[in-house]
Amino acid sequence: MHQVTLAGLTVDTRHYIGGQRFASDDTFESISPIDGAVLAHVSRGGAGEADAAVWAARNAFPAWRDLGPEGRGAILHRLADLIEQNIEPLAQLETLDNGSLLRSHRRGVMPRVAMNIRFFADWAMNKLEHPVWQTRGHDNVVTWDPSGVAVIITPWNAPLMLATWRIGPALAAGDTVVLKPAEWTPLTASVFADLCEQAGMPPGVFNVVQGYGTEAGAALVAHPAVARIAFTGSVPTAKAIMRSAADNLTPVSFELGGKSPFIVTDDADLDLAVELALEQYDNAGQVCLSGTRLLVHENTADAFAERFAERAAQIVQGDPREEATQIGPQIHRVHLERVAGFVERAQADGAAVAFGGGPNDELGGLYYRPTLITGAKPGSEILTAEVFGPVLAMQTFASDDEAVELANNTEYGLAAVVVCGERERAERLTKNLVAGTIWVNCFFVRDLAAPFGGSKKSGIGREGGVWSFDFYADVKNTVYAPTGWKD
Ligand code: NAD
């Protein structure tokens, strides 16, 4: 009754707390965006489950901390091995649950999930050191000490990928973890808990509380025994979490939304620009980093728009399990309607739909067509608010200074893409762009050692490489005097 078999995996629909499974009285449905099938009825946790999970993690903390980087690393490497052995079923399960492309889960996402664990385990073992330096003969010795319980709250667009990007460094740093996955995509987190157990992780080191954000999530972030909160999601939720965390002064790391610019200069390789622009529709536009504002130099705008429309017409939309599919469904009926609302309001506000602009009638269900909006008024909603669907808006610019001004003209600052023919020109452009990550003549090159995060309302803090450990650990400086030692 508490288990379903999906993609050849037994998925437990209960919470995972202190190494045991617990059911709640209430459940919520996990629905597949592919065909609307109800995949599972999942335990709907609240304050009680959140409290139990935080204390389980707190009780497991001293022993996990004392294992040290090597002891933890051995378990984390076994976990990464198990993920690699389960790439195919995990990929299939994630596709069923969130509708993203199976081939990308298989080849990119799930291998990366394993790497999220392995990479940070290795970093904790081999790279967490700072040279000792002296102050008037005193040694300054910097260490990254485990900090306690990390609560990790994640969205639905890349569930296990985004969860492990925080779980990996938190566990490697010596913290214990409570994960609250998104209620639209709860399933792979549960399987991940089983893999932690198989890898020999002690009970309570990793816990999963399932449920809604305003119930289980809110209780977790308000808990006084929590040392760190890592949240990936939307700006309104981040504000609520920050208010709640303020009561305990719990440190937060936020990775939030974006409305990233995609700049094409008049000396850019047009084919490259068009191909990179098409990638902004990846994951049916449900990517925080997407360059959804195409800013194209006026000298090249017509040629770009023509070629882009030609190529966009060739995009294959359909079942995400098919190898040929490039764009799948939106995650949920509520989200599809939200996306459609943005386009309808843009049209009502005088903008034009160059192509797309509605659900895909042939496919039905939750499939929204790749869409390009042109002629939107400066400052209008479609140019400033995050749609989080396959909807791009195009504007033109006359000078590079204007491009930068337009690019920075939102409250977000997550990423930017620049397609440009000359390195010096690109360097001048990128210098004044406000964004956590900028890709020049490329997109989505993500190195786990690189800092990642958002400027302005796209986030607080940076993670990746040592920046992750700066957040999950308590960075400590111990000063040793040169005097007072007995021989
Ligand atoms: P969301 O903010 O609605 O929900 C995210 C998570 O927060 C879910 O698990 C939800 O249950 C939980 N939550 C909701 N209310 C809560 C509360 N009051 N207290 C605690 N937890 C609560 O976001 P979403 O719709 O799931 O995800 C889409 C958003 O995530 C977009 O804005 C997108 O840009 C952003 N995102 C950012 C990144 C990044 O790395 N910057 C990556 C992926 C997605």
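Which residue forms a salt bridge with D400? This is a predicted model, and in it the partner of D400 is R425, with the closest N and O atoms 2.7 Å apart. D400 sits in helix α12, residues 400–407, and R425 in helix α13, residues 423–431, so the pair ties together parts that are 25 residues apart in sequence. R425 is buried, at 12% relative accessibility.

R118 and D81 form a salt bridge, and their closest N and O atoms are 2.8 Å apart. Here R118 belongs to helix α3 (residues 102–126) and D81 to helix α1 (residues 47–85), so the parts tied together are 37 residues apart in sequence. R118 counts as buried at 15% relative accessibility, while D81 counts as partly exposed at 32%.

How many salt bridges are there by this rule? The count is 24. One of them joins the side chains of R14 and D12, at 2.9 Å from N to O. D12 is buried, with a relative accessible area of 5%. Through shared partners, salt bridges link D12, R14, R21 and D194 into one network.

Now the backbone. Most residues other than glycine have a negative phi. A7, which is not a glycine, has a positive phi of about 50°. A7 is in the loop between β1 (3–6) and β2 (9–12), and is partly exposed at 24% relative accessibility. A284 also has a positive phi, near 55°. A284 is in the loop between α8 (270–278) and β15 (293–297), and at 2% relative accessibility counts as buried.

Methods
Residues numbered from 1 in each chain as written. Predicted model: local features only at pLDDT ≥ 70, side-chain atom pairs only at ≥ 80, totals over all residues. Heavy atoms only, no water. Helix = DSSP H or I, 4+ residues; strand = E, 2+ residues; numbered from the N terminus. Buried < 20%, exposed > 50% of the residue type's maximum accessible area, 1.4 Å probe, protein only. Salt bridge = Lys/Arg side-chain N within 4 Å of Asp/Glu carboxyl O.
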